[in-house]
Amino acid sequence: MTTGYVWHERYAWHDTGTHAGLLPAGGAVQPFRNFESPESKTRFAGLVEVSGLLDHLLRVPARPATEEDLLRVHSPAHVARIRALSEAGGGDAGDGQSPFGPGSYEIARLAAGGTIAATEAVLTGAADNAYALVRPPGHHAERDRGMGYCLFANIAVAVEWARANHGVRRVAVVDYDVHHGNGTQSAFYEDPDVLTVSIHQEHLFPQHSGTLAETGAGAGAGTALNIPLPAGCGNGAYTEAFRRVVVPAVRAFAPELIMVASGFDASAADPLGRMTVTAAGYRALTRQLMDVAEEVCGGRLVMSHEGGYSPVYVPFCGLAVLETLSGHETGVGDPFNEVWASSPQHPLTSWQDDVLKKAERLAHSLGLLAPSLPDPGEPTPGRT
Ligand code: 3YP
Ligand code: ZN
């Protein structure tokens, strides 16, 4: 198995300023650093190297997305505004929560382009699957503004690039970041050929989006699916949600390519999410995504990094995903596992199950749970 891997030192140079976690410094709020800092990403990239896994991956060079690539998704005004602010020394991408410093226009193009490069590696067959460890993230960025740390919609830009350059038509995007993938959803809301599935903590961010009622519109009616989970979900709720809703929906949609918004902010150690997923959980979710990719699209699976704000735990969650994608075990494992192992918050609870039942019913009514290939009686190889 060949797994493409994108990382560029310049991703760590994107400067999110002195926000104290979530708030701009000022008054009684002492300057600190933004929750969205280089740390979790550089330490993830560091562990990929120190664990030895890097030697078993195909290093895919990042390249900047062109203006033409960005304009398939974003308005000319948005692209010009980010560029001008970046040249003037920095600014905010649109919502007051997305600060950036000088040069971030180029870095954000490199993040979208890194996702394109990973997608290209998979579509040309150079890699079987790929992980783009990019920064800044992308899944909140809308056509005309940045939002929630995101400047450009990395995955949406890569999807449109694949459709413009590789004759790809149908794509499914699965987003397991703890926040709603509103930007990706809005880019394809009226598009019948792109299924967006987002599983996230309900009413977290953006606070009022990502409800079960958002299912697509116009020609794209029925091609958006949200699974808004209550706070406190662990491996049980996530693996069951994937088994009962996410995977069947992707299977029924039968895409030619699966893209994944890979945020690790549903982890047990995250300061922004209130979930308890562990590295073993991310490993199981990845396994399920690989299995359905194998069933419907020759294994073509491309992940692009999103959130995840525990500098100590994100690297191990990320390593678990990369080990699973590549089929290579480094032996590093999850040193934190025993810290969470005794948590009662792993098994699926009745109130979490109630939400999954609603999501299952909804997916069914949208025609997204219809059995398709292969024969439903046939066991899926490799499923755990
Ligand atoms: C919470 C407040 C501002 C941005 C935010 C969450 C960003 C994130 O991790 N999105 O996936
Ligand atoms: Zn997030």
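**Notes on the predicted model**

1. Zinc site. The zinc ion (ligand 2) is coordinated by Asp177 (OD), Asp177 (OD), His179 (ND1) and Asp265 (OD), at 2.0 to 2.7 Å. The spacing of the donors along the chain is D-x1-H-x85-D. Asp177 and His179 are both buried. Water is not among the atoms, so the site may look incomplete. Bear in mind throughout that this is a predicted model.

2. Eight strands make up an open sheet: its 8 strands run in the order 2-1-5-10-9-6-7-8, with parallel pairing. Which strands form the edges? They are strand 2 (58-59) and strand 8, each of which pairs on one side only.

3. Strands 6 and 7. Strand 6 (residues 171-175) pairs with strand 7 in the parallel sense, over 5 bridges. Within this pairing, Val174 stands opposite Val197 of strand 7. Strand 7 is mostly covered. Of its 8 residues, 8 are buried.

4. Strands 9 and 10. Strand 9 (residues 257-262) and strand 10 (residues 301-305) run parallel and are joined by 5 bridges. Met259 stands opposite Val302 in strand 10.

5. Helix 3, geometry. Helix 3 covers residues 76-87, 12 residues in total. From first C-alpha to last it reaches 16 Å, close to the 16 Å expected at 1.5 Å a residue. After the helix comes Gly89, with a positive phi near 110 degrees.

6. Helix 3, packing. Which residues of helix 3 are buried? They are His78, Val79, Ile82 and Ser86. Seen down the axis, the buried residues fall within an arc of 100 degrees, so they line one face of helix 3. That buried set packs against helix 2 (67-71), strand 4 (99-100) and helix 4 (104-123). Pro76, Ala77 and Glu87 lie on the other side of helix 3 and are exposed.

7. Helix 9. This helix spans residues 314-326 and has 13 residues. Its reach from first C-alpha to last is 18 Å, close to the 18 Å expected at 1.5 Å a residue. Is helix 9 buried or exposed? Buried: 13 of its 13 residues are, so helix 9 is largely enclosed by the rest of the structure. Just after helix 9, Gly327 takes a positive phi of about 75 degrees.

8. Cysteines. How many disulfides are there? The count comes to 0, where a disulfide needs two cysteine sulfur atoms within 2.5 Å. Take Cys150: its sulfur is 19 Å from the closest cysteine sulfur, that of Cys317, which is too far for a bond. Cys317 is in no disulfide either. For Cys317, the nearest cysteine sulfur belongs to Cys233, 16 Å away. Cys150 is buried, with a relative accessible area of 0%. Cys317 also counts as buried, at 0% relative accessibility.

9. Loop between strand 5 and helix 5. Two backbone features here deserve a look. The peptide bond from Arg135 to Pro136 is cis, with omega near 0 degrees. Pro136 sits in the loop between strand 5 (129-132) and helix 5 (154-165). Tyr149 is found in the loop between strand 5 and helix 5 too. Tyr149 has a positive phi of about 75 degrees, although it is not a glycine. Is Tyr149 buried or exposed? With a relative accessible area of 10%, Tyr149 is buried, because the cut-off for buried is under 20%.

10. Loop between strand 7 and strand 8. The peptide bond from Phe205 to Pro206 is cis, with omega near -15 degrees. Pro206 is placed in the loop between strand 7 (194-201) and strand 8 (224-229). His203 is in the loop between strand 7 and strand 8 as well. What is the phi of His203? The value is positive, about 55 degrees, although His203 is not a glycine.

Note on methods. Residues are numbered from 1 along each chain as its sequence is written. Chains are lettered from A and ligands numbered from 1 in the order in which they are written. This is a predicted model: local features need pLDDT of at least 70, side-chain atom pairs count only at pLDDT 80 or more; totals for chains, interfaces and linings use all residues. Side-chain values use heavy atoms; hydrogens and water are left out. Helices (H or I, at least four residues) and strands (E, at least two) are DSSP runs, numbered from the N terminus. Buried means under 20% relative accessible area, exposed over 50%, partly exposed in between (1.4 Å probe, protein chains only). Donors are N, O and S atoms within 2.8 Å of the metal (3.2 Å for Na, K and Ca); water is not among the atoms, so sites may look incomplete. The expected span of a helix is 1.5 Å times one less than its number of residues. The arc is that of the directions from the helix axis to the C-beta atoms. Contact means heavy atoms within 4.5 Å. Two strands pair if DSSP finds at least two bridges between them.
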